[in-house]
Amino acid sequence: MQDKNLTIAINIDDILLDDKGKLKTETIDCFRNADKQNTSFILITNGPYKIAQNTIKQIKNEINGQSAPQFWVIANGGSQIYSPLGKVIQNQTFDSLKLMRLVSFSRCVDNACTFIYSTDKGNFIQVPDCTSVKLALWIYKIKDKKRGDCAFNLQEIEGFRMGRNMDAVIDEIGQINKMYAISFDKDSKRKVQYALKKEAKLCGAFAYSDKYTEVTTTSKYDAIKLILETAEQSPQNIMAKNVEDVVYIGNTISDVECLQKCNISATCGEQACSYAKSSSKYKTENLSHFMNNVYSGLFDVFMENIEKKEPKSKGRYLDRIFHMK
């Protein structure tokens, strides 16, 4: 950690927000106390940018009268990056060729494999089961269920009979930047994961759990790295210099890389997936308590002292000092 600058990255989906999208009251102090150091935040969501926008608005309303910290945003699992002023730093999407390659590789080993895509507008697209690589995608609009499903084909509208071109469809549903591959057979699932790994050069970030395989155009770790590199160009930069120096808090399978590589990382609550729990340095039920330890510099003291001790003592030392894991 650095002496003066503190950067905190939080996956907001189930840590800061409740199931109705409202800011949890117990998380407010995390931001009220941000002025204890030169603190900046990276808010991360697996969904669209508007989720982070709404979260920032709620935070600023709650800390009214105080200087708001700097908020960078990573949306759609790493595919989109926004500056504190809302400027787009990165917006990566899959093109149809890459998607078809990924679908083809997976279907070769599991014809029944199901695919779900998410877009930058928050829509979910599901590929129906079939053995053909030339597939129609079924678009499901979350906020407009009454309109029902419509279909289009990724291969330049071939077979598309709704009188609209690809640009019109993309304008409505958004660009595709994340894919979930779901295989219900355990043996086939391992083969699908292997096939996707083999195509890693095309699919970018790759993570898998017991239920699904997640593929995005860019990993959260790479997204944070780009944020730090971008911020470094500003004379008013207060961000950490290295990704490892970022305090990372996340609960999902796509958070695992950051949880493993950041020097101070934590899961929050029992809802964290098993992969995230085993990858994080700490576990906390109370985010405010954890953040107070970060602000007060206790973790820095720990990190300095632990290097002088046997590494195996780390877990026991944390149990006594921080009561977190």
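Is Gly 269 buried or exposed at 5% relative accessibility? Gly 269 counts as buried, where buried means under 20% relative accessible area, exposed over 50%, and partly exposed in between (1.4 Å probe, protein chains only). The model is predicted: local features need pLDDT of at least 70, side-chain atom pairs count only at pLDDT 80 or more, and totals for chains, interfaces and linings use all residues. Residues are numbered from 1 along each chain as its sequence is written, and side-chain values use heavy atoms, with hydrogens and water left out.

**Figure 1. Overview of the protein chain.** The secondary structure comes to 12 helices and 15 strands. Helices (H or I, at least four residues) and strands (E, at least two) are DSSP runs, numbered from the N terminus. The chain has 325 residues, and buried residues make up 51% of them. Of the contacts between residues at least 6 apart in sequence, 57% join residues at least 24 apart. Contact means heavy atoms within 4.5 Å.

**Figure 2. Surroundings of Gly 269.** Gly 269 sits in the loop between β14 (264–268) and α9. Apart from neighbours within four places in sequence, Gly 269 is in contact with Lys 277, Thr 284 and Glu 285. Gly 269 and Asn 286 are 17 residues apart in sequence, and their C-alpha atoms are 7.7 Å apart in space.

**Figure 3. The second largest pocket.** Its volume is about 280 Å³. At least two lining residues come from each of β11 (205–208), β12 (213–216), α7 (220–231), α8 (256–261) and α9 (274–279). By class, the lining has nine nonpolar, seven polar and four charged residues. Ala, Val, Leu, Ile, Met, Phe, Trp, Tyr, Cys and Pro count as nonpolar, Asp, Glu, Lys and Arg as charged, and the others, Gly among them, as polar. On a 1 Å grid over the protein atoms alone, a pocket is an open set of points where a 1.4 Å probe fits, with protein on both sides within 12 Å along at least five of seven lines; lining residues have an atom within 4 Å of a point. Grid points are joined across faces, edges and corners, and a volume is the space filled by probe spheres set on the points.

**Figure 4. Thr 213 in strand β12.** Thr 213 belongs to strand β12. Its relative accessibility is 2%, so Thr 213 counts as buried. Beyond four places in sequence, Thr 213 is in contact with Met 179, Tyr 180, Ala 181, Gln 193, Leu 196, Phe 206, Ala 207 and Tyr 208.

**Figure 5. Aromatic pairs.** The count comes to seven aromatic pairs. Rings of Phe, Tyr and Trp (its six-membered ring) pair if their centres lie within 6.5 Å; planes under 30 degrees apart count as stacked, over 60 as edge-to-face and the rest as tilted. Phe 31 and Phe 41 have ring centres 4.8 Å apart and planes at 50°, so this pair is tilted. The pair links distant parts of the chain: Phe 31 is in helix α1 (residues 28–32) and Phe 41 in strand β2 (residues 38–44), 10 residues apart. Phe 31 is buried, with a relative accessible area of 2%. Phe 41 is buried too, at 0% relative accessibility. The rings of Phe 206 and Tyr 208 also form a tilted pair, with centres 5.8 Å apart and planes at 55°. Phe 206 is partly exposed at 23% relative accessibility, and Tyr 208 is partly exposed at 32%. Ring pairs join Phe 31, Phe 41 and Phe 71 into a cluster.

**Figure 6. Lys 22 in a loop.** Lys 22 lies between β1 (5–11) and α1. Lys 22 is exposed, with a relative accessible area of 51%. It touches Leu 16, Leu 17 and Gln 58, leaving out residues up to four places away in sequence. Lys 22 and Gln 58 are 36 residues apart along the chain, with C-alpha atoms separated by 7.9 Å.

**Figure 7. Ser 288 in helix α10.** Helix α10 (residues 287–296) holds Ser 288. Ser 288 is buried, with a relative accessible area of 10%. Its contacts, not counting residues up to four places away in sequence, are Glu 26, Thr 27, Asp 29 and Cys 30.
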